[in-house]
Amino acid sequence: RGLREFVRGWFAGGAMATAFGALGCAGKWRGGARCVERWCAPRRAVFAGRLRSVRRVRHHGADAAAASSKSRLLCSTSDASGSVGAEVSSEQRRAVLMGLQSVLQRMENAARESSRASLPRLVAVSKTKSAELVRVAYGAGQRFFGENYVVELVNKAEELHKDLPDIRWHFIGPIQSNKIRKIVGVPGLACVESIDRAKIATGLERVCAEEGRSEPLAVMVQVNVSGEESKSGCAPEEAPELAHHIAQSCPNLKLLGLMTIGAPDPSREPVAFSRLLECRAAVSQRLGVAPASLELSMGMSADFEAATRMGSTSVRVGSTIFGERFYPPQRA
């Protein structure tokens, strides 16, 4: 019995109980066994309780992981590489179709209010969304899609180009020099809207020349009209010289116009859009061209109607069409 209590003390009672067990085993203290039992019993209960807690935590963690997986499935988002996730459900398909129809109708209403003869180009921004959702929008007649991440752009374009050869892609995210060749090689690439410095323009020019593109790549100068540090783009006063550099030194690029990301502004004529109009006037003067010859890419889900009224030629709408975005951690 003393030996048994020695083992119990070792596993459940700690050093003190182990000593009591040893005394009982040697017969040097006849009450050692009882002492060990009194010492160990409550500690065994605590140990058992902790073990149950650990098991509950593990079980809860498994449930949470399953719930997270289900959430990703329902959102139909792509992973960091832009690969296809789950199949599109009928509810998701209906939501995308209704969202696309709603955006087009609101654009028409805004154009009618401002007596515009034509609608802006609609670029459906599909970042973090699966290629299957892009197929749904394409099936409804949408042809222009925008991506912020190079990996997503490359993977979706390569996957969809075989079946949807007339799909057109606009890259609208920040550009790193080491990603330029991947961007230029995208099948169906129609425009790079986010040139914010001469180095990037020169890099695009060089790669386009090396790849032997059949026609110049359309590009836009991104202007940070709000001055927010969190947003990319050159300063408005830098835009004329950057545009001049593209027009004069980059024969494999075609300057399409200017792009901006507006600051939150619920007014009918957001200040950011007025500033881009002023910037276009300065750029057109530097280039010696008519302002109307330069496109304006302005307006997103929250303000594309105001942008339409103010003369935008291209709006970039994402969540209003595809639903709220889900951002996986550590996106490249």
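Modeller: A salt bridge is a side-chain nitrogen of Lys or Arg within 4 Å of a carboxyl oxygen of Asp or Glu, and R181, R206, E210 and E211 are linked in a network of such salt bridges. This is a predicted model, in which local features need pLDDT of at least 70 and side-chain atom pairs count only at pLDDT 80 or more, while totals for chains, interfaces and linings use all residues. Residues are numbered from 1 along each chain as its sequence is written, and side-chain values use heavy atoms, with hydrogens and water left out.

Colleague: How many helices and strands are there in the chain?

Modeller: Helices (H or I, at least four residues) and strands (E, at least two) are taken as DSSP runs and numbered from the N terminus. In this chain there are 11 helices and 8 strands.

Colleague: And how many of the residues of the chain count as buried?

Modeller: Buried means under 20% relative accessible area, exposed means over 50%, and partly exposed lies in between, with a 1.4 Å probe and protein chains only. By that scale 42% of the 332 residues of the chain count as buried. For contacts, which are heavy atoms within 4.5 Å, residues 24 or more positions apart account for 63% of those with a separation of 6 or more.

Colleague: Returning to charged pairs, how many salt bridges does the structure hold?

Modeller: The general idea is that side chains of opposite charge can pair when their charged atoms come close. This structure holds 15 salt bridges. One of them joins the side chains of R106 and E305, at 2.9 Å from N to O, and this pair links distant parts of the chain, since R106 is in helix 3 (residues 90-113) and E305 in helix 10 (residues 304-309), 199 residues apart.

Colleague: What else does R106 touch?

Modeller: Besides E305, R106 touches S301, F304 and T320, not counting residues up to four places away in sequence. R106 and F304 are 198 residues apart in sequence and 8.9 Å apart in space, C-alpha to C-alpha. R106 counts as partly exposed because its relative accessibility is 26%, and E305 is likewise partly exposed, with a relative accessible area of 27%.

Colleague: Which side chain meets R268 in a salt bridge?

Modeller: The side chain of R268 meets that of E113, at 3.3 Å from N to O. This pair also links distant parts of the chain, with R268 in the loop between strand 6 (253-259) and helix 9 (271-287) and E113 in helix 3, 155 residues apart. R268 is exposed, because its relative accessible area is 52%.

Colleague: How should I read the way two helices pass each other, and at what angle do helix 3 and helix 4 cross?

Modeller: Axes are lines fitted to C-alpha atoms, for helices over the stretch in contact, and angles run from 0 to 180 degrees between N-to-C directions. The axes of helix 3 and helix 4 come within 9 Å and cross at roughly 50°, which makes helix 3 oblique to helix 4. Angles under 35 degrees count as roughly parallel, over 145 as roughly antiparallel, 65 to 115 as roughly perpendicular and the rest as oblique.

Colleague: Which residues make the contact of helix 3 and helix 4?

Modeller: The contact is made by Q92, R93, V96, L97 and L100 of helix 3 and by L133, V136 and A137 of helix 4. These divide into 6 nonpolar, 1 polar and 1 charged, where Ala, Val, Leu, Ile, Met, Phe, Trp, Tyr, Cys and Pro count as nonpolar, Asp, Glu, Lys and Arg as charged, and the others, Gly among them, as polar.

Colleague: At what angle do the axes of helix 4 and helix 5 cross?

Modeller: The axes of helix 4 (residues 131-139) and helix 5 (residues 150-161) come within 10 Å and cross at roughly 55°, and these two helices are therefore oblique to each other. A131, E132, V134 and R135 of helix 4 make the contact with K156, E159 and L160 of helix 5, a set that divides into 3 nonpolar, no polar and 4 charged. Within helix 4, E132 forms a salt bridge with R135, the closest N and O atoms being 3.4 Å apart, and these two residues lie 3 residues apart, about one turn of the helix.
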